[in-house]
Amino acid sequence: MTQSLHPQIRWILGRQAGLAAALAACAWVLADGNAAVSALAGGACGVLANLAYAWRAASNVQLAGAGAPVSAFRAQMAGEAYKFATTLALFALIFVFYKKVAPLPLFLGYMSTFAIYWVALVKQR
């Protein structure tokens, strides 16, 4: 599925996953294995939600045609809805099934995925 995504989207998702893994390694060194798993789970939430967004937005644009502004807007809105639903579902699964989750590393892992957007903006210039 990621092969059909735009190269820049693949770049962003790959860097988000790499940053989440690096943060998990730091959490392992600075705290313990539980913090590392929590950070990795938070990063995975961010990456999978962004993948859901990209997949849904791209599939809507391909179905409706890339030229119409209204269809592009609808594709973005559908992508955001998928991203929001995926994020909620993944966090719910984590809190239900991972009883020993460390909240701070979890949310830091999730928030770290947003930093890559700024890097992508700088990279594009």
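Accessible areas here come from the Shrake-Rupley method with a 1.4 Å probe. On that basis, the protein chain of this predicted model has an accessible surface of about 7700 Å². Carbon and sulfur atoms account for 73% of that surface.

Followed along the sequence, the pattern reads α-α-α-α. Taken along the principal axes, the box filled by the C-alpha atoms is roughly 50 × 35 × 20 Å.

The next point is how the chain packs. Of the 125 residues in the protein chain, 36% are buried. Contacts can also be sorted by separation along the sequence. Among those between residues at least 6 apart, 70% join residues that are at least 24 apart.

How many disulfides does the model contain? The count is zero. A disulfide requires two cysteine sulfur atoms within 2.5 Å. For cysteine 26, the closest cysteine sulfur belongs to cysteine 45 and lies 20 Å away, so the distance is too far for a bond.

Is cysteine 45 buried or exposed? Cysteine 45 counts as buried because its relative accessibility is 2%, and the cut-off for buried is under 20%. Cysteine 26 has a relative accessible area of 41% and is therefore partly exposed, a class that lies between the buried limit and the exposed limit of over 50%.

How values were computed. Residues numbered from 1 in each chain as written. Predicted model: local features only at pLDDT ≥ 70, side-chain atom pairs only at ≥ 80, totals over all residues. Heavy atoms only, no water. Helix = DSSP H or I, 4+ residues; strand = E, 2+ residues; numbered from the N terminus. Buried < 20%, exposed > 50% of the residue type's maximum accessible area, 1.4 Å probe, protein only. Contact = heavy atoms within 4.5 Å.
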